[in-house]
Amino acid sequence: MNPNKKKMTVPDFKKFKAEGRKFTFVTAYDYTMASIINDSETEVILVGDSMAMVVLGRNSTVGVTVDDIIHHTAPVVLGAPQTFVIGDMPFGSYNVSVAQAIESANRILMETNCDAVKLEGGKDMAPAVESMVKAGISVVGHIGLTPQTSVSFGGFKVQGKRAEAARQLLDEAAALEDAGCFAIVLEAIPAPLAAAITARVSVPTIGIGAGADCDGQVLVLHDMLGLYSEFTPRFVKRYAELGTLMEQAVRDYAEEVRSGAFPTPAHSFSMDEEERARLEDRLRETE
Ligand code: KIV
């Protein structure tokens with residue numbers, strides 16, 4: 001636990017923005033990682049559908065289910081009691097109807113005890129967001145590069161590079177704000193566009209590959225810790241190379257097991273001399 005940390009609330013998001021306080025999100029998908037993050041100053045954990053790639057080994061985020069999100073979000077909430085936790089809404093859990101979106105979000109919130117949900121999409125999702133918010137659900141939006149539907153725009157590509165597309169993203173952000181999102185993730189868009197959106201919406205923008213002017217930043221934990229190397233977007237900064245450290249540790253362990261250097265008496269349990277002698281008697285009797 002972090003003695004100086006107080007869990008954020010939804011109203012704090014706007015307050016932080018008004019005060020010009022930057023805040024940080026990282027992703028996490030299990031109890032142990034969540035408790036390490038909880039001990040840091042990071043305010044928010046997103047249990048992202050990025051788990052599809054960095055935890056489940058798939059090549060896209062499509063295919064993660066509400067059950068998967070629940071399975072991973074519940075232990076994160078237990079591991080991070082001082083951290084605001086957002087459960088991601090997976091592809092197919094909110095694109096059928098507004099009622100489906102509310103039902104999926106209800107399940108994620110009720111079965112995990114997380115604080116909010118996130119969904120991808122702008123104007124088209126505004127009616128769903130509005131109804132979810134009316135139903136008492138706190139919703140984070142996500143525009144720009146939206147991995148769940150990236151096939152339709154040709155893969156993981158920077159969005160809003162041309163003035164017309166940039167203009168449209170400004171409108172998408174405004175629509176999400178009007179619908180009641182309390183924060184908006186901006187993924188892989190030019191920094192000047194992210195700055196313009198950030199200046200025009202009253203809710204915080206959380207950037208990932210969107211430059212330094214967003215109100216906060218988010219990174220996928222496995223990317224920033226060097227745990228996932230199959231695909232590293234340009235916007236990722238690696239703060240550690242834990243994958244290399246882990247590989248070396250497992251090699252050292254295997255080598256020591258083979259050589260007999262591990263385990264030592266310090267890693268073993270001893271036995272009373274008297275009990276040991278009795279055991280040896282018993283073994284002799286059965287020989
Ligand atoms: O799923 C995820 O991790 C995300 C972040 C990249 C914002 O949506």
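Colleague: Which helix supplies the largest share of the lining of the second largest pocket?

Modeller: The largest share, 4 residues, comes from α7, a helix being a DSSP run of H or I with at least four residues and a strand a run of E with at least two, numbered from the N terminus. This is a predicted model, in which local features need pLDDT of at least 70 and side-chain atom pairs count only at pLDDT 80 or more, while totals for chains, interfaces and linings use all residues. Residues are numbered from 1 along each chain as its sequence is written, and side-chain values use heavy atoms, with hydrogens and water left out.

Colleague: What makes a space a pocket rather than a cavity?

Modeller: On a 1 Å grid over the protein atoms alone, a cavity is a set of points where a 1.4 Å probe fits but cannot get out, whereas a pocket is an open set with protein on both sides within 12 Å along at least five of seven lines, and lining residues have an atom within 4 Å of a point. The second largest pocket holds about 470 Å³ of space. Of its 23 lining residues, G121, G122, T146, F153 and E172 are the closest to the centre. Both β5 (139-144) and α7 (163-179) supply at least two residues of this lining, which divides into 7 nonpolar, 12 polar and 4 charged residues.

Colleague: Which residues are the closest to the centre of the largest pocket?

Modeller: About 650 Å³ of space lies in the largest pocket. Among the 36 residues that line it, L145, E187, I208, P233 and F235 are the closest to its centre. The lining of the largest pocket comprises 21 nonpolar, 7 polar and 8 charged residues.

Colleague: How do you know that K118 and D88 form a salt bridge?

Modeller: A salt bridge needs a side-chain nitrogen of Lys or Arg within 4 Å of a carboxyl oxygen of Asp or Glu. The closest N and O atoms of K118 and D88 are 3.1 Å apart, so the pair meets that limit. Because K118 belongs to strand β4 and D88 to strand β3, the pair ties together parts 30 residues apart in sequence. By this rule the count comes to 15 salt bridges.

Colleague: What separates D171 and R167 along α7, and why are D171 and R167 called partly exposed?

Modeller: D171 and R167 are 4 residues apart in helix α7, which means about one helical turn lies between them, and their side chains meet in a salt bridge with an N to O distance of 3.2 Å. Buried means under 20% relative accessible area and exposed over 50%, with partly exposed in between (1.4 Å probe, protein chains only). D171, at 28%, is therefore partly exposed, and R167, at 46%, is therefore partly exposed as well.

Colleague: Why is N113 called exposed, and why is A188 called buried?

Modeller: The relative accessibility of N113 is 59%, over the 50% limit, and N113 therefore counts as exposed. A188 has a relative accessible area of 5%, under the 20% limit, and is therefore buried. N113 lies in the loop between α5 (98-112) and β4 (116-118), and A188 in the loop between β6 (183-187) and α8 (191-200). Neither is a glycine, yet phi is positive in N113, at about 70 degrees, and in A188, near 50 degrees.

Conventions:
Grid points are joined across faces, edges and corners, and a volume is the space filled by probe spheres set on the points. Ala, Val, Leu, Ile, Met, Phe, Trp, Tyr, Cys and Pro count as nonpolar, Asp, Glu, Lys and Arg as charged, and the others, Gly among them, as polar.
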